[in-house]
Amino acid sequence: MAKNTSGRGQRDLKVKVKTARGRKLSSTRWLERQLNDPYVKRAQAEGYRGRAAFKILELDDKYRFLVPGARVVDLGCAPGGWLQVAVQRVNALGEKQGKRVGTVLGVDLQEVEPVAGAEVHQLDFMEDDADETVKGWLGGRADVVMSDMAAASSGHKQTDHLRIIALCETAAQFAFDVLAPGGTFVAKVLAGGAEGDLQKLLKQKFEKVVNVKPPASRSDSSEKFVVATGFRG
């Protein structure tokens, strides 16, 4: 049998998407990027609800905050990929014998499809007494508050940056109300120069604050993540 010397079949060929009538060029480019994204393919293969699951996996691999027995709150948890990772890491299903069993709580404005091992509630975390409601559901304070939320895009880069920083600051204030001493806050921000006040605030409240762009975050995206550990209470 003759050997295949063309190189075909030895590597994945890039999927090209034709621009269809009624579809914007930007939408075609997004679809093409999705079809060729290795993290999208991995998410599908491994059963995660989106590529974003790998962002929290990579952050936890480096900073180790999702430990067995931890109580975790995921703000803006839809579609549930971060919940799936948290359930595995904190042993919320009790599958790891001899390890402490953790608790994973997700809240979102919209209804979220259930995630095995997680408790999901439809709630606006900005409401008055939302922090007390969450602590009631947890049966105490949280060890981790995490957020992959992003404000709706306006198409104006500076405006979008300010919106996501404001959202992150609100999430941080919520974390201050529900975290136990020693706890961790993880949230998405956008690089752009307006996050100085947020960084200053976090450094007052936590022993260590780092900013990181995990490999799963697309290189052409301005997103990064702040990981604040050692909440001072």
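My entries follow in that order.

I note that this is a predicted model, with local features needing pLDDT of at least 70, side-chain atom pairs counting only at pLDDT 80 or more, and totals for chains, interfaces and linings using all residues. Residues are numbered from 1 along each chain as its sequence is written, and side-chain values use heavy atoms, with hydrogens and water left out.

Cores. I looked up the nonpolar cores (sets of buried Ala, Val, Leu, Ile, Met, Phe, Trp, Tyr and Cys residues joined through side-chain atoms within 4.5 Å). Buried means under 20% relative accessible area, exposed over 50%, partly exposed in between (1.4 Å probe, protein chains only). The largest core has 34 residues, and Phe174 is among those touching the most other members. Helix 6 (residues 157–178) supplies the largest share, 10 residues. Helices (H or I, at least four residues) and strands (E, at least two) are DSSP runs, numbered from the N terminus. A second, separate core of 30 residues includes Phe54 and Val212.

Strand 7. I found eight of the nine residues of this strand (residues 223–231) buried, so the strand is largely enclosed by the rest of the structure. Strand 7 pairs (at least two DSSP bridges between two strands) with strand 5 (residues 179–190) in the antiparallel sense over six bridges. Val189 has Lys224 as its bridge partner. Strand 6 (residues 206–212) also pairs antiparallel with strand 7, over six bridges, and Val210 stands opposite Val227.

Backbone. I found a cis peptide bond between Ala78 and Pro79, with omega about 0°. Arg64, not a glycine, has a positive phi of about 55°. At 57% relative accessibility, Arg64 counts as exposed.
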